[in-house]
Amino acid sequence: MTGVCSAITAARAGVKVILVQDRPVLGGNASSEVRLWVLGATSHMGNNNRWSREGGVLDEILVENTFRNKEGNPVLFDMVLMDKVLAEPNITLLLNTVVYKVEKDDDRTIGRLTAINPQNGTEYTIEGDLFADCTGDGTVGFLAGADFRMGRESRDEFGEELAPAAADRMTMGSSVQWYSVDAGEKTDFPVFSYGLRFDETNCEKVTMGEWKWETGMNLDQIVDFERIRDYGLLVVYSNWSFLKNGLRDNGEFRNRELGWVAYVAGKRESRRLLGDYVLKQDDIDKHVFHEDASFATTWDLDLHFPDSLNSVRFPGREFKAATKHIHI
């Protein structure tokens with residue numbers, strides 16, 4: 001969403017923009033591939049921001065989606081985003097295209113990117129004066145040699161009481177979301193576990209899996225991302241197999257079948273590119289004013305950890321998250 005909004009804003013200001021996206025649809029975690037809703041300011045109507053809303057391009061997109069997509073169909077939201085981008089004559093859109101190389105004119109200036117579309121075999125050299133890294137993984141910054149961090153700093157480094165006593169590599173995880181539908185009659189599902197054994201005491205008796213189905217917190221969210229996604233899929237299918245075949249009383253699940261499973265995991269955190277100033281917990285707690293502030297944040301401090309009960313049931317192989325919210 002940051003890439004879409006940045007591209008539209010720049011294009012309307014008269015800038016010639018090339019928007020590069022490594023997937024066939026726009027929106028990232030908000031696309032139909034992952035299906036995380038665009039929220040933000042209202043924070044589920046759960047705090048003092050309940051009467052707030054985003055402004056600018058994002059508000060324009062959400063209003064358009066409300067008009068054209070009243071049911072909130074995630075596939076139609078893909079089309080709303082696509083139409084918004086394609087309506088801008090100053091934007092050249094490159095889908096299914098991956099940036100893999102950065103060349104610099106000097107130590108501090110990116111000169112050009114090299115990208116490839118593996119579906120049609122086209123390689124691009126992209127030159128420009130400004131480059132916005134909206135990859136989520138900080139890929140362009142990383143390839144350019146920017147400083148970055150991953151994981152959690154120690155409590156003492158920035159005086160943050162919410163931080164661990166010792167620094168570690170834990171990040172928030174990635175979610176493979178899914179849901180089931182009522183087929184109106186008994187449905188079958190294959191019996192399998194792939195080494196992850198569920199029983200009456202440890203299965204998840206639910207008909208859908210939202211963000212809490214979160215994996216990979218103790219793995220590298222970049223290097224191990226395929227492994228993280230595969231484990232998320234394994235958990236979904238193994239648990240569902242037990243609900244359909246192993247549960248003594250599976251009346252709630254007898255007529256249900258899997259309606260959708262995300263094959264692209266929704267990633268929360270990986271690299272953090274470093275700037276001149278590191279925002280600390282103290283800045284949030286004390287509402288510290290910064291003259292060069294460029295955006296407002298309306299979400300809580302939202303920290304994710306492996307769920308303690310899930311850790312007992314599946315030590316070292318957790319797939320559920322617990323959270324700690326600090327209202328700001």
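The axes of α2 and α3 come within 10 Å and cross at roughly 130°. The two helices are therefore oblique to each other. Here axes are lines fitted to C-alpha atoms over the stretch in contact, and angles run from 0 to 180 degrees between N-to-C directions. Angles under 35 degrees count as roughly parallel, over 145 as roughly antiparallel, 65 to 115 as roughly perpendicular and the rest as oblique. This is a predicted model, with local features needing pLDDT of at least 70 and side-chain atom pairs pLDDT 80 or more, while totals for chains, interfaces and linings use all residues. Residues are numbered from 1 along each chain, and side-chain values use heavy atoms, without hydrogens and water.

On the α2 side, E60, I61, E64, N65 and R68 meet L76, F77, V80, L81, D83 and K84 of α3. Contact means heavy atoms within 4.5 Å. By class, this contact has 5 nonpolar, 1 polar and 5 charged residues.

Helix α2 (residues 56-68) also meets helix α1 (residues 2-12), with axes that come within 9 Å and cross at roughly 110°. α1 and α2 are therefore roughly perpendicular to each other. V4, C5, I8, T9 and R12 of α1 make the contact with V57, L58, E60 and I61 of α2. By class, it has 6 nonpolar, 1 polar and 2 charged residues.

| Helix pair | Axes come within | Crossing angle |
|---|---|---|
| α1 and α2 | 9 Å | roughly 110° |
| α2 and α3 | 10 Å | roughly 130° |

A pocket is an open set of points on a 1 Å grid where a 1.4 Å probe fits, with protein on both sides within 12 Å along at least five of seven lines; lining residues have an atom within 4 Å of a point. Of its 21 lining residues, R35, L36, W37, G72 and P74 are the closest to the centre. Which element gives the most to this lining? α2 does, with 3 residues. The lining divides into 11 nonpolar, 8 polar and 2 charged residues.

Definitions and conventions. Helix = DSSP H or I, 4+ residues; strand = E, 2+ residues; numbered from the N terminus. Nonpolar A, V, L, I, M, F, W, Y, C, P; charged D, E, K, R; others polar.
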